[in-house]
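Please keep the structure in view while reading.

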Amino acid sequence: MPVNVIFPKVSLEMATGRISRWLVQEGDNVRDGQLLFEIDNDKAAVEVESPGAGVIRNLVAEGEEVDVGAAVAGIFATHEAEAPIMAEGAAAQRAEKVLTERSVAEDVPVQPPPMRAGARRNRLNATPLARRLAREGEIPLDGLAGTGPGGRIQKKDVLAGLARQSPLVPAPAAPHYVSAAYDRPQRQVMQAPAPHASLYSTWLRRGTGMPVVMLHGFSSDLNTWRGLLAAGRTGFPALGLDLAGHGQSPRRLPEDLDDLAEWVEATVQDQVEGPVLICGHSFGGALAVRLARRARLDVRGLCLFAPAGLGPEINADFTHGILRARTADSLRPWLELLVHDPASISDMVVKAVVAQRQDEELTAAMSGFANRFFADGTQIFSVRRDLAALPMLPVRMIFGRQDRILPFRSTGGLPDHVALNAFDTCGHMPHLEKPELALRILGELYRSL
């Protein structure tokens, strides 16, 4: 498997960014720690190092907007380089490695590293901030005169160019997927209630066709899906949501499963017109089933990874322990309960959860969430009747036989129309532990709709 080169988060507010300059070319042999590319940031010039050694392939184009955590290239072993597989969407967390940053003051010219032999030499000399402003204002850099050292184009040069450009061309709007023209007849959808508050959402992958809405589980966030989408080629757009009390969504505690469903409906309807496939993990799986039963959204299929709501049992020690732990040493044992093979939990995953625990308000919100939905160590909600009431809806369920959070035996007695894929040597995170197979099943369901 190739090692994914990921686009790092270089500021707290950053959700997307662009590569301003590749320092290597397609097919180059790179070494571990070698500088690969520069990031265009308005206050920093950031150089990203290689997370491994090998042949670099599938470079994302310079200037193309990408999501934080997305794979922008792959590093292949020599024997793999002849048949690369593009890792689209977000990079698998297992392959991540600490990236180094070099920050400089805003719009201060940054001396580029020496150009290696054979590299492109026709790059315009401009600061990262100038490049960003020029892109946002849709003004060509090659038409500007630089006033910085060596003729480098700076912020004031771009602003002067924008002042001469009239009228300004507005920046393109964020994508809003319309799938009403999808090649299946539209189903009757119940009228939604009054608009509800929106959850935080982002397009984990842009594409064409019917969108896949992705809902994470308890104590997680939308980033849990990035490794799945990086496991192979996918053509569908994927919209990730942070549940209430999780990630970057509002910290207000939902009253019940239907209340949370209203949040999701309002958020999806703001982003998508037409049918969707919903993919949910654990608590997000139960929520996906309830959304389909409510029929406020035009749900065409469900892909459920270890869904909650099939029975009352849950590992109560986990739901409380994962929130009490604060350090890497205390968190790792709880995180390893999620998987069959402890090696599936990378150091980067542990560090991300440690950082999450520093947000006391977020941790308190998750604790309230657990107390509401898993009171007294019990799943106080059920979606079995919801599943039984959806006999015409295609449903694929994926469950690990060695799940230590929700027991595999809870899958007994499923409705006949629900197809169960039981993964051996797999715990509560099938999409993390066996992402290629999980993505193949999701793809098969998608193509059947």
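Predicted model: local features only at pLDDT ≥ 70, side-chain atom pairs only at ≥ 80, totals over all residues.

Strands of a sheet pair through backbone hydrogen bonds, and the pairing may be parallel or antiparallel.

E6 and E8 belong to an open sheet of four strands, arranged in the order E1-E8-E6-E3 with antiparallel pairing. At its edges stand strand E1 (3-6) and strand E3 (29-30), each of which pairs on one side only.

## The chain as a whole

The protein chain contains twelve helices and 17 strands. Of its 449 residues, 55% are buried. The accessible surface amounts to about 19,500 Å², and carbon and sulfur atoms account for 52% of that area.

How many of the contacts between residues at least 6 apart in sequence join residues at least 24 apart? The share is 71% in this chain.

## The seven-stranded sheet

A second open sheet is built from seven strands in the order E10-E12-E11-E14-E15-E16-E17, and its pairing is mixed. E10 and strand E17 (418-423) are the edge strands; each has a single partner strand, so one side of each lacks a neighbour in the sheet. On average, and ignoring direction, neighbouring strands of this sheet are turned by 20° against each other.

Within this sheet, strand E14 (residues 276-281) and strand E15 (residues 299-305) run parallel and are joined by six bridges. Here His-281 has Phe-305 in E15 as its bridge partner. Helix H4 packs on the sheet, where it touches E10, E11, strand E12 (238-241) and E14. The direction of H4 makes about 145° with that of E12.

## Helix H12

Helix H12 (residues 435-448) lies across E11, E14, E15, E16 and E17, and it runs at about 170° to E16. Several of its residues are buried, including Pro-435, Leu-439, Leu-442 and Tyr-446.

## Salt bridges

Side chains of opposite charge can pair when their charged atoms come close. In this model, the count of salt bridges comes to 19.

One of them joins Arg-206 to Asp-67, with the closest N and O atoms 3.9 Å apart. This pair links distant parts of the chain, 139 residues apart: Arg-206 lies in the loop between strand E10 (201-205) and strand E11 (212-215), and Asp-67 lies in strand E7 (residues 65-67).

## A network of charged residues

Glu-265 and Arg-294 meet through their side chains in a salt bridge of 2.7 Å, N to O. Glu-265 is in helix H4 (residues 257-271) and Arg-294 is in helix H5 (residues 283-294), 29 residues apart. Both of these residues are buried.

Asp-386 forms a salt bridge with Arg-290, and the closest N and O atoms are 2.7 Å apart. This pair also links distant parts of the chain, since Asp-386 is in helix H10 and Arg-290 is in helix H5, 96 residues apart. Asp-386 is buried at 7% relative accessibility, and Arg-290 is buried at 14%. Through shared partners, salt bridges join Asp-258, Glu-265, Arg-290, Arg-293, Arg-294 and Asp-386 into one network.

## A loop residue

Where does Leu-393 lie? Leu-393 is in the loop between helix H10 (384-388) and strand E16 (395-400). Although placed in a loop, Leu-393 is buried, because its relative accessible area is 8%. Leu-393 and His-417 are 24 residues apart in sequence, and their C-alpha atoms are 7.9 Å apart in space.

Methods: Residues numbered from 1 in each chain as written. Heavy atoms only, no water. Helix = DSSP H or I, 4+ residues; strand = E, 2+ residues; numbered from the N terminus. Buried < 20%, exposed > 50% of the residue type's maximum accessible area, 1.4 Å probe, protein only. Salt bridge = Lys/Arg side-chain N within 4 Å of Asp/Glu carboxyl O. Contact = heavy atoms within 4.5 Å. Areas by Shrake-Rupley, 256 points an atom, 1.4 Å probe, with all protein chains shown as cover. Pairing = 2+ DSSP bridges. Axes fitted to C-alpha atoms, helices over the stretch in contact; angles between N-to-C directions.
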